[in-house]
Amino acid sequence: MASHPLKSLLQLQLASDTSSVLHLSFVLSTLSEDFLLPSPHLQKWTSRVTSLIHSKDAGARWAGICIAYRTSSLSKSTMTEFAQSWAGLALSILTKPEPLPLLKASIRYLRHVLSAVIDVPELQRQLATPTVPKFSQALVSIVEKAADYELKALALDTLKDMVILYPSLNRASSSSITTMCHQILNGSAPQRTNKLLLHNTARLYAVLHYTGGKVGAANLWKKSVDETLQCLWAASMGLRTTFPANNSNLLPSSGPTCDDPVLTIALNLDRLQCSAAALRSLLRTTIQRPVQVPIGRIMEFCLFLLACTADEEKEGHVDAAVRALELAIVPELHSSACDLLCCLAKTVQHRLTPYVSRLVVMITYHLEQKHRPERHCALLQCIQVLLSNSLPPSSELSSTRLVKNIMLSLMPLLPTQSDAYAGETGSGQSKKGRKRRRDYESDEVFKLSKDVICSSVAEGNAILCALDALQVAMRGAELQSAIRSLACRVMLSSSLSLTAMPRSSLSQDVHLHSLVHAKVNRMCLELARGTTSAMSRSLSLVLRSTVTEGNGHTTQTKLQLQQEVDLLLHPRSPPLVRPLPHVEALSLFRAEESNEELAVRTSLALATTYDANIMDVVEDPIMVTPATEPTPHPVPTHLPMPTPEITAPGPILISPPVPASQKMMSSITTAPTKNSADILPAISSRQPAKSQLPPSSSQMELMVEPRFIPVVVDDEEEEGMPAIDMESDSDG
C-alpha cells in the first residue's frame, strides 16, 4: 500500500531545517488540496510547520511561513484551525529586524489570512480585532524605517487592503498613516520618488476616507482633494519663479526647500508629480455616497499648466541658471496636465464638455510645436480620451486645425517621392523615361539600404496614438469637406503603402506593422460606411480589413466580418437619422480635387504621383512664346503618351517654370505609392480634354505648384476671331 504523500514529504524533504529550505520549491509545487484532507498525517504536518516557524534559523522560519501560506490557501479548514497561532508568530517576526525574504513572506501570509476570514464572524472577533491594529502599525513602521523599495511597496499595498477591509479597526491609526503618506507625497531631491512606491502611496492615500465611515467619508475625501490641489498650486508656483505671476493669491510651496536652485526645482517638480498622482487616485477611488467633484478648480490648474510656455519672462533681474532650469521642465508640466486631464475626462465624462473647445485649441497649439515622441504621444492620447468621453467641439475651425496636425503625425507611413520613383523605375519603364528621373543628389544614388521608419518604441506608440486620435476626431466633429476628403485619401494611401511595406521597414518590432495595419484598415472601413453605395464599392476593403494574414486580430473580428458582409449583401436598412457625407462627395482621386483641398494638401507637404510626373516635365522646361503668325509645328512635350489637339481661341498662356525653391520642396514631400488610388487619374491626366486654365487670379493663389499643360498648336486654331462692328444695325 502506497504511503500518504504528506508522510513522504515529512520523512524526506522536511526531515531537517536544512533540507526544508533546500527542497522548499518542490514541497510547494507538490502540495495540493487532496493532500490536506483529514488524515492522521495532517496533524503531524501542521506540527512540523509550527516547529519550522519557531526555529532559530532564519531560513527555516522563512520555509515555515511559506509552507503555512500554501497550506492556508489550499485548505480553509486548516487555516481556520491554526490561523491564530501562525498569525501571532508571523506578527512577531514583523517587529524584529529579520531578513528581507522573511519579512515579505510574513506580510503576504497575514494579508491572506486577514482577507480570508472576513466572512467568518468568529475569527473576526478572535483574530482580526486584536491583530489588524498591530499589523497596521507594524506596516507603518516598516515603510518609515525600511530601505528596500519593494518591501515598502508591499507594505503600502497591504495597508491599503487592510484599510478597505477593516476601516473601523484602522480609524485609530489613520493619523499616523496620513502623516506617512504626506511625507512620501511631499517629494524628494535630487533623486525622484520611486514610481512603484509613489503608485502604492497614492492608492493608499485615496482610500483613507474609508476610516470616516459612511457619513464622514465624503468630507474626508473632499478635504484630501483640497489639500492636494493646494500642494499642486504651491509646487507649480515654485517652478515658475522667472515667469510673470498669473495668480498672485497663491504662495510658493510651503514644504522644505534649500538654497541650491537645482535641488529646489527638482524637489518642486517631484512634488508636483507626486501630488498629481495622488489627485488621479482620488478621482478614481470609490466613495460610498455622492460627492461634488471640483471640476472648475481642477480645470483651472490644468489650463494653467497647458498655458506654460517658454516665451514669457518677468521684469527685473532673473537668474540665468534658474531660468534655464525652469525652461527645461516645461514639457514635464504639459505631460502632468495631460495625465490629469485623461483621468478627469474618464471620471466626469460629458460634464467636461464646456472645456473641450478650449482644451482642443491649446493642445493643438502644442502639437504644432516640435516635441520628443514621448511628449507628442501624451498630447495625442489626451486628445483621444477627451473626445471619446465628451461631446465634440462646436468650432469647425478648431476641429479642422486639429485633424491637420494629427495627419502630420501619420506622414511617416506614406512613402517618399524617391520610393515612388524607385517603384516606377523597377516596373518596366522605358530607358528614355528612366533618364528623366533626376530625384537623387550626390551619395543618394549609392544608398542600398532603407532606414527604419520608427527607430524607437516611442515613435511607434506615437503613430498608434495618432491613429486613435484621428479616428475619434473624425467621428462627430464638423470638418471642412476638403480636410475630410484629404484625410480619407491619406488613410487609403497609408493602407496601400502598408500592404507593400516589409514589416521590418516600419519598426524593429515586427508586431507593430500588424497593429498599425489593422487600425488603418479599420479607419478606412469606418470612413467608407457612410452610404449603401459606398459600402458596395468597399467589398475588397471590408474583406481585407478583417482577414489579413492570419494575425491575432482575425479571431477577434469574425463577428465584425459577418456584419459588414451582411451590409454589403443586404443593404436594405432603415434610413440614417442624421445625414452623413457621401463618399461620392469626397474626392478620392486627383481629378476630383478642389482648389481648397489642393491648398491644404500642399500646406501639409503631400504630393501625388501626378505631381511626380509634372516634376519630370519641369526638370527641363521649354519656354514657348506664342508668335503672331501661326506655326504648323506642334510644341514638343516630355510626356510619353500623345496628346490630343486643344481648341484655344486667342493667345495660349504657358505657365512659367517652377522656381528652384519649389523644386526643392517637391523633392522632399511624401507621396502615395504607385498602387494608390491616385495612379489611375495620374495616367489619365496626361491627356487633358479641355483647357484647364484657372478662372480667376484668386484661385491661382491657392495653386502652390503651377500646373503645366502640354499644348499642340494647329493652323486652324491660330486663326483670329472676326471683328464685330458694334455700330452696325443688325435689324437693318
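What follows is a short chat about confidence, one lysine, a helix pair, the core and a loop residue.

Student: What kind of model is this?
Tutor: It is a predicted model.

Student: What does the pLDDT average over the chain?
Tutor: The average is 76. Of the residues, 68% score at least 70.

Student: Where does pLDDT stay under 50?
Tutor: One such stretch is residues 248-256. The model gives that stretch 14 contacts beyond four places in sequence. Residues 617-669 are also below 50. That stretch has 76 contacts beyond near neighbours in sequence.

Student: How should coordinates be read where pLDDT is low?
Tutor: Not in detail.

Student: New topic. Where does K104 lie?
Tutor: K104 is in helix 7, which covers residues 100-116.

Student: Is K104 buried or exposed?
Tutor: Buried. The cut-off for buried is under 20% relative accessible area, and K104 counts because its value is 14%.

Student: Which side chain does the K104 side chain make a polar contact with?
Tutor: The side chain of E150, at 3.0 Å.

Student: And what else does K104 touch?
Tutor: Leaving out residues up to four places away in sequence, K104 touches D148, E150, L151 and L154.

Student: Staying on helix 7, how do the axes of helix 7 and helix 8 cross?
Tutor: At roughly 145 degrees, with the axes coming within 11 Å. Helix 8 is residues 121-145. The crossing is left-handed.

Student: Which residues meet there?
Tutor: Helix 7 brings I107, L110, R111, V113 and L114. From helix 8 come L127, A128, T131, V132, F135, L139 and I142.

Student: On to the core. How many residues are in the largest nonpolar core?
Tutor: There are 167. W45, L204 and V516 have the most contacts inside it.

Student: Which helix gives the most to this core?
Tutor: Helix 22, residues 457-476, with 11 residues.

Student: What is W45 in contact with, leaving aside neighbours within four places in sequence?
Tutor: The contacts are L6, L9, L10, L14, V27, L31, L36, I67 and T71.

Student: Last one. Where is L606 found?
Tutor: In the loop between helix 29 (595-603) and helix 30 (609-619).

Student: Why does L606 count as buried?
Tutor: Because its relative accessibility is 9%, and buried means under 20%.

Student: How far apart are L606 and L414?
Tutor: In sequence, 192 residues. In space, 9.3 Å from C-alpha to C-alpha.

Methods
Residues numbered from 1 in each chain as written. Predicted model: local features only at pLDDT ≥ 70, side-chain atom pairs only at ≥ 80, totals over all residues. Heavy atoms only, no water. pLDDT = per-residue confidence, 0-100. Contact = heavy atoms within 4.5 Å. Helix = DSSP H or I, 4+ residues; strand = E, 2+ residues; numbered from the N terminus. Buried < 20%, exposed > 50% of the residue type's maximum accessible area, 1.4 Å probe, protein only. Polar contact = N/O pair within 3.5 Å; in protein donor to acceptor, adjacent residues only side chain to side chain. Core = buried A, V, L, I, M, F, W, Y, C linked by side-chain atoms within 4.5 Å. Axes fitted to C-alpha atoms, helices over the stretch in contact; angles between N-to-C directions. Left-handed = near helix turned anticlockwise from the far one by under 90°.
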